[in-house]
Amino acid sequence: MKIIIADDSKVMRNIIENAIKPLGLATIHASNGQEVLDCLEKQGNEVGLILLDWNMPVMSGIEVLETIKKNNLYTHIPVLIVSTESEDDKMTRAFKAGAKGYISKPFTPERLLNLIRGRISL
Amino acid sequence: MTEKIAAIDCGQDTVNTLKGMMGEEIQLAIESFEGIQNLQNYRMIIIEGNGNQRDILQRIRKLRYACYFRAVPIILINRQAYTDSVEPYITSGASEVLSFNEPVGAIQQILKGYLIPNRKPLDEEMEYLNSFIKNTSNVLNTTTSLEAVFKEVYFTNDFRIFGDISGIIGLSGEAEGILGITFYWPLAKTIIAKMMGVDEDHINADLIHDGVAEIINMISGSTKKDFVGKPYHFEISLPSVIVGSGHQIGHAENTPIAVMIFEVNYQYFALQVCLKSKINRKGSITGIKK
């Protein structure tokens, strides 16, 4: 099982990767929303979790979420939003679109791990 | 009240002339450039332009660095009129380039003008600035475990900031403007290495650019949430990064810039906020024609 980490910041992708190391799962990095969709097309059957930033170039995280939840092939893959955008309306939109969880940046590694462990069966 | 001014590498003639011009209002501390480490506590720095241009430019850059983002004017003064362009001195960090060939009254007026202190924020301005201060410290502490201690804030209309790298983000919506964070290279490197949990040797320029953009992104995002339902609520754009000593950041016209200085382990960085609410106190939006 693999985890897609989607964030336009390489530093943030590394921070997330370090935080989730205790899960012992392989990661795939994506720097924009389109790369997430490309990655799902190629190896969607191996993906067990997607961590999505909201603000990304090319295609935003929420657009990716809304797209993949309309595709029967991927609806089972849990998605967590990891974003600087943390207002109620954004969170409501994400949960309505099918997000399993939402964590605002900055976060401690423990908070992210707890969110993943609390919401997802890996 | 006397103002403490550092006269750096100034000859005795220059010191005497300055004392004659400024009288009892100033206390001139005669310093050598080599001994300078921290200039934060001076109200003004005057350096005499002896030597070749390259050396002077280098000295101005070091003096600017030693001001740690405080609004300390650096005056380059020379006994002779300048024959070359003064632009390189200004872009290196000098606030003004003067020559004793100019009329005494004009020099006096210029120097006294630079002694006018920068405006401090009003209580109502601190209401929104406090949110930026809190979130800046929180972002640094959460992502690096480093403590960013807020030191001071002042308003300026000078658009130039003398750091090595800035992350900026445009703010729009009910309030609009720009938020920027500026570091010198060594502190930026330390912070990004801590964020990534790696040794500083593994940090290159690309990672610093990326990390500084992410820092300003997190500060603006968390502050934005604090402003929900308030006149200063804004939307954020994708961040950009500017690199280069003495770079200039454009801000909205007629909106003063609040510069907040933070200390991290005896190194400093600055947060700039230029934010104007479009909502007046009665709750209606200003500046929009029906």
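Which exposed residues does the face of H2(A) turned away from its buried side carry? I looked them up, keeping in mind that this is a predicted model. They are Asp38(A), Glu41(A), Lys42(A) and Gln43(A).

Next I checked the other side. Helix H2 of chain A runs over residues 33-43, and its buried residues are Gly33(A), Val36(A) and Leu40(A). Looking down the axis of H2(A), I find these within an arc of 50°, so they line one face of the helix.

What do the buried residues of H2(A) pack against? I get strands E1 (2-6), E2 (26-30) and E3 (47-52), plus helix H3 (61-68), in chain A.

On to the chain contact. I count 17 residues from chain A and 20 from chain B. On the chain B side, H5 (123-144), H6 (185-196) and H7 (205-226) each supply at least two residues. H7(B) gives the largest share, ten residues. By class, I note nine nonpolar, eight polar and three charged residues on that side of chain B.

Last entry, one helix pair across the contact. Helix H1 of chain A (residues 10-19) packs with H6(B) at an angle of about 40°, and their axes are 8 Å apart. H1(A) brings Val11(A), Asn14(A) and Ile15(A), while H6(B) brings Ile192(B), Met195(B) and Met196(B).

Key
Residues are numbered from 1 along each chain as its sequence is written. Chains are lettered from A and ligands numbered from 1 in the order in which they are written. This is a predicted model: local features need pLDDT of at least 70, side-chain atom pairs count only at pLDDT 80 or more; totals for chains, interfaces and linings use all residues. A residue is buried if 20 or more other C-beta atoms lie within 10 Å of its own, exposed if 12 or fewer, and partly exposed in between; C-beta atoms are placed from the backbone. Helices (H or I, at least four residues) and strands (E, at least two) are DSSP runs, numbered from the N terminus. The arc is that of the directions from the helix axis to the C-beta atoms. Two residues are in contact if their C-beta atoms, placed from the backbone, lie within 7 Å. Ala, Val, Leu, Ile, Met, Phe, Trp, Tyr, Cys and Pro count as nonpolar, Asp, Glu, Lys and Arg as charged, and the others, Gly among them, as polar. Axes are lines fitted to C-alpha atoms, for helices over the stretch in contact, and angles run from 0 to 180 degrees between N-to-C directions.
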